[in-house]
Amino acid sequence: MEQSILNSPFKIKNVEFHNRIMNASGCNCTTSEDLLELVSSRSGGIISKSCTYEYRVGNEMPRYYDNDVLSINSTGLANNGYEFYAKYGETIKSITNKPYIISVAGIKYRENLKIINKLQQYENHDLIELNLSCPNIIGKSQIGYDFEASDELLRCLYENIDNHNIGLKLPPYFDMIHFENMADIIKKYPICYLTCINSLGNGFVFNELMEPSIVPNNGFGGIGGSVIKPFGLANVRKFHELLPTMPIIGCGGITNKQDAYEYIKSGASLVQIGTQLIKTGPELFDMFLT
């Protein structure tokens, strides 16, 4: 696949991304300083940290660890609250015309609806990404694995708002019937894109001292990095097969240009980079686009 594909623009609905590469939610996008680094980078767009209604300090430290092949995290949705990311869109838009996506991950079922309803009062974001997969909230399950609950959430959402600029971030699926179940749900609603995949939940990693590498949840956390790429590719490929006209953002284990090409070859229109962005910093985008 030619290098030019990564540099080419792409539209989701009427929102044009400058190129096919951007950050993954949760990576270099929590604070104002993080977001300004993305503004100054060559990323094709910007997505915020998944936000709750109010500020959350998150889980205790250390809650992130990486090595040569993977990362593990249990941040506990540490974020500045939806209002911060909504208002910060004005700063972003005063500097750049890059698309700005706000990621939403309410702790409670109705909190997602409340946040998205509030976001309709703000104009300086282009898309909303509803995160149905947050694997590191202690005591909370991923709604994306409960198909009945996912269907009910989307039904309530679209009964109460008139916003067709909402995408979904999905957990990794492993059984073919699960792909089909979720695709059948998505077909019912005006979802404008999918992001596949979030990290693999409930992994465990020892550090160099043979101790749990993170503290929260007795060391269990979401796994990212190069080891999860086969699962990301499979999810993108299967959802592209089931929903061929749906724009898909591929995510999971992308460390170099070849990884990005493989996602696009599998059916992704854009890609998001997480662990490698944390390791390298926003200059990473120069490496992918030159």
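A salt bridge here is a side-chain nitrogen of Lys or Arg within 4 Å of a carboxyl oxygen of Asp or Glu. By that criterion the structure, which is a predicted model, holds 10 salt bridges.

**Salt bridges**

Select D126 and K93. Their side chains meet in a salt bridge, with 2.6 Å from N to O. D126 sits in the loop between α4 (109–119) and β8 (127–131), while K93 belongs to helix α3 (residues 82–95), so the pair ties together parts that are 33 residues apart in sequence. D126 counts as partly exposed at 22% relative accessibility, and K93 is partly exposed with a relative accessible area of 25%.

Next, select E262 and K229. This salt bridge spans 2.9 Å, N to O. E262 is partly exposed at 25% relative accessibility. K229, with a relative accessible area of 15%, is buried.

Stay on helix α7 and pick K238 and E241. The closest N and O atoms of their salt bridge are 2.8 Å apart. The two residues are 3 residues apart in the helix, which puts about one helical turn between K238 and E241. Which of the two is buried and which exposed? K238 is buried, with a relative accessible area of 13%, whereas E241 counts as exposed at 52% relative accessibility.

For a linked set, select E152, R155 and E159, which are joined in a network of salt bridges.

**Aromatic rings**

Now show the side chains of Phe, Tyr and Trp. Across the whole structure there are 12 aromatic pairs. One of them is F179 with F239: the ring centres are 5.5 Å apart and the planes stand at 75°, so the pair is edge-to-face. F179 lies in helix α6 and F239 in helix α7 (residues 229–242), so the pair connects parts that are 60 residues apart in sequence. F179 is buried, with a relative accessible area of 3%, and F239 is buried at 0% relative accessibility.

Move on to F204 and F220, a tilted pair with 5.7 Å from centre to centre and 55° between the planes. F204 is in strand β11 (residues 200–204) and F220 in strand β12 (residues 220–224), so this pair ties together parts that are 16 residues apart in sequence. F204 is partly exposed, with a relative accessible area of 33%; F220 is partly exposed, also with 33%.

To see a group of rings, select Y145, F147, Y173, F179 and F239, which form one aromatic cluster.

One further ring to visit is Y53. K114 lies over its face, at 4.1 Å from the ring centre.

**Around Y189**

Finish at Y189, in the loop between α6 (176–186) and β10 (193–196). Is Y189 buried or exposed? Y189 counts as buried, at 14% relative accessibility. Leaving out residues up to four places away in sequence, Y189 touches D151, L154, R155 and Y158. With D151 there is a polar contact of 2.5 Å between the side chains. R155 is also a member of the salt-bridge network with E152 and E159.

How values were computed: Residues are numbered from 1 along each chain as its sequence is written. This is a predicted model: local features need pLDDT of at least 70, side-chain atom pairs count only at pLDDT 80 or more; totals for chains, interfaces and linings use all residues. Side-chain values use heavy atoms; hydrogens and water are left out. Helices (H or I, at least four residues) and strands (E, at least two) are DSSP runs, numbered from the N terminus. Buried means under 20% relative accessible area, exposed over 50%, partly exposed in between (1.4 Å probe, protein chains only). Contact means heavy atoms within 4.5 Å. A polar contact is a pair of N or O atoms within 3.5 Å; within protein, one must be able to donate a hydrogen and the other to accept it, and residues adjacent in sequence count only if both atoms are side-chain atoms. Rings of Phe, Tyr and Trp (its six-membered ring) pair if their centres lie within 6.5 Å; planes under 30 degrees apart count as stacked, over 60 as edge-to-face and the rest as tilted. A charge sits over a ring if NZ of Lys or CZ of Arg is within 6 Å of the ring centre and within 35 degrees of the ring normal.
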